Each structure stands twice: as structure tokens, then as C-alpha cells.
Amino acid sequence: MPGKLVSAGLLLWVLLSSFGAAADDMVNAKTKANYVFNFTKFVEWPALMNDTLHVCIVGAEPIVNLLSELASRDTKGHLLQIWSGIDDPQICQILYIDHDAPELPALIQQVRGNQILTVSDAEGFAGRGGCIGFYSENGQIKLEINPDAVRRAQLKVNALLMEIARIVR
């Protein structure tokens, strides 16, 4: 009987742990989606030709779904078009690449120097030449911005966004 109790307790712990991890993943996805949405308000694309901002997401389906729900909200007069995966990254104004996406290095090279805000949750992303990286600190999702990468992308980031981020080069 004590062996069954230990096994049942262990099973309950495993189930609750995985539920907690799934809940944490969803909270993190919501936080990242909200950040990406708000980047549309705090970043300027000087050569934006039309009223549509293309947000391309590679490898992060929960973020695609969450952003699709936010797409109808006001973004400084721009319509949002959310793309899941991309054939041509040149259409993007924001390119979010999940840390697990095998295309990450190739996409970064492909868009370098274009007016594309590159964003990822890959470890050290901004320090490796991406514009904005997500990192976790004390259980919170935080930002790091590479001003040199932003400048190469010919974008302007609002000072308020710069103030809440860790600056990396």
C-alpha cells in the first residue's frame, strides 16, 4: 500500500508539473505576443509604403494565434497582417523567429540591412546581431535591444522602449 501511495503521489506531481509548465509556456507566449504587438507602436519604418504592417512568425504557432487575435486593434493607423512562416522574408516589417526554428541563422543573414525588425527568444539573439531579443529573468520575460542592428535595419526605436530594455552590442 505505501508503494502505491508513493506512485500515486509521484504521478500527481508529474501531472501538475507538466500542467504548470504548459501554463507557464502560455503566459510566456502571451507576453511575447503582446511585446511584438506593441513593437508596432514603438518602432518606425521610414520607408513603409502602405498602411499594412506585415508581422511574420517562424516556428511559434501560439504566438501566431495570439497575434491574430490582436490584429484588429489600433497600431498607429496601420493594419496588421500576421503570417505564419514565410517564403519571402522581405515582405516582413517584423520577423519573429522562435529559438527552435532551424531557419534562424539563414533568415537573419537574408534580411540583414533591410528595414525588418528581427525578434527572437533565442539565447543571446540581440548580442549576435538581431534587433530585439527576449530573455527570462526571475520568471519574467524581458527585452534586450541591439541599437547597432536596429540602425543597420534603418529603423527608429522609441526612447521609452529603449529605457525598459537591456542594451547589448
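Which residues touch the most other members of the largest nonpolar core? Of its 35 residues, the answer is Phe-39, Ile-57, Leu-67, Leu-117 and Ile-132. A nonpolar core here is a set of buried Ala, Val, Leu, Ile, Met, Phe, Trp, Tyr and Cys residues joined through side-chain atoms within 4.5 Å.

## Ground rules

What you're looking at is a predicted model, where local features need pLDDT of at least 70 and side-chain atom pairs count only at pLDDT 80 or more, while totals for chains, interfaces and linings use all residues. Residues are numbered from 1 along each chain as its sequence is written, and side-chain values use heavy atoms, with hydrogens and water left out.

## The overall layout

The protein chain has five helices and nine strands. Helices (H or I, at least four residues) and strands (E, at least two) are DSSP runs, numbered from the N terminus. Walk along the sequence and you get α-β-β-α-β-β-α-β-β-β-α-β-α-β.

Of the 169 residues in the protein chain, 40% are buried. Buried means under 20% relative accessible area, exposed over 50%, and partly exposed in between (1.4 Å probe, protein chains only). As for contacts (heavy atoms within 4.5 Å), take those with a separation of 6 or more: 54% of them join residues 24 or more positions apart.

In soluble globular proteins, nonpolar side chains tend to be buried together.

## The disulfide

There is one disulfide in the structure, meaning a pair of cysteine sulfur atoms within 2.5 Å. Cys-56 and Cys-92 are the partners, with an S to S distance of 2.1 Å. The bond ties together distant parts of the chain, 36 residues apart: Cys-56 sits in strand 2 (residues 52-58), and Cys-92 in the loop between strand 3 (79-84) and strand 4 (94-97).

The S-S torsion of this pair is about -100 degrees, so the disulfide is left-handed. Both Cys-56 and Cys-92 are buried. Cys-131 is buried too, with a relative accessible area of 2%.

## The largest pocket

The largest pocket holds about 220 Å³ of space. On a 1 Å grid over the protein atoms alone, a pocket is an open set of points with protein on both sides within 12 Å along at least five of seven lines, a cavity is a set of points where a 1.4 Å probe fits but cannot get out, and lining residues have an atom within 4 Å of a point. Grid points are joined across faces, edges and corners, and a volume is the space filled by probe spheres set on the points.

Helix 1 gives the most to the pocket lining, with four residues. Helix 1 (2-42) and helix 2 (61-70) are the elements that give two or more. By class, the lining has five nonpolar, three polar and four charged residues; Ala, Val, Leu, Ile, Met, Phe, Trp, Tyr, Cys and Pro count as nonpolar, Asp, Glu, Lys and Arg as charged, and the others, Gly among them, as polar. Among the lining residues are Ala-60, Tyr-96 and Asp-98, and Ala-60 is in contact with Tyr-96 and Asp-98, leaving aside its neighbours within four places in sequence. Ala-60 lies in the loop between strand 2 and helix 2 and is buried, at 6% relative accessible area.

## The cavity

Counting cavities of 30 Å³ or more gives one. The largest cavity has a volume of about 110 Å³, and its lining includes Ile-108, Arg-112, Cys-131 and Arg-152. Helix 3 (104-111) and helix 4 (147-152) each supply at least two lining residues. The split by class is six nonpolar, four polar and two charged.

## Two positive phi values

Most residues other than glycine have a negative phi. Asn-138 has a positive phi near 50 degrees; this residue is in the loop between strand 6 (132-137) and strand 7 (140-145) and counts as exposed, at 75% relative accessibility. Gln-154 also has a positive phi, about 60 degrees. Look for Gln-154 in the loop between helix 4 and strand 8 (156-157), where it is partly exposed at 43%.
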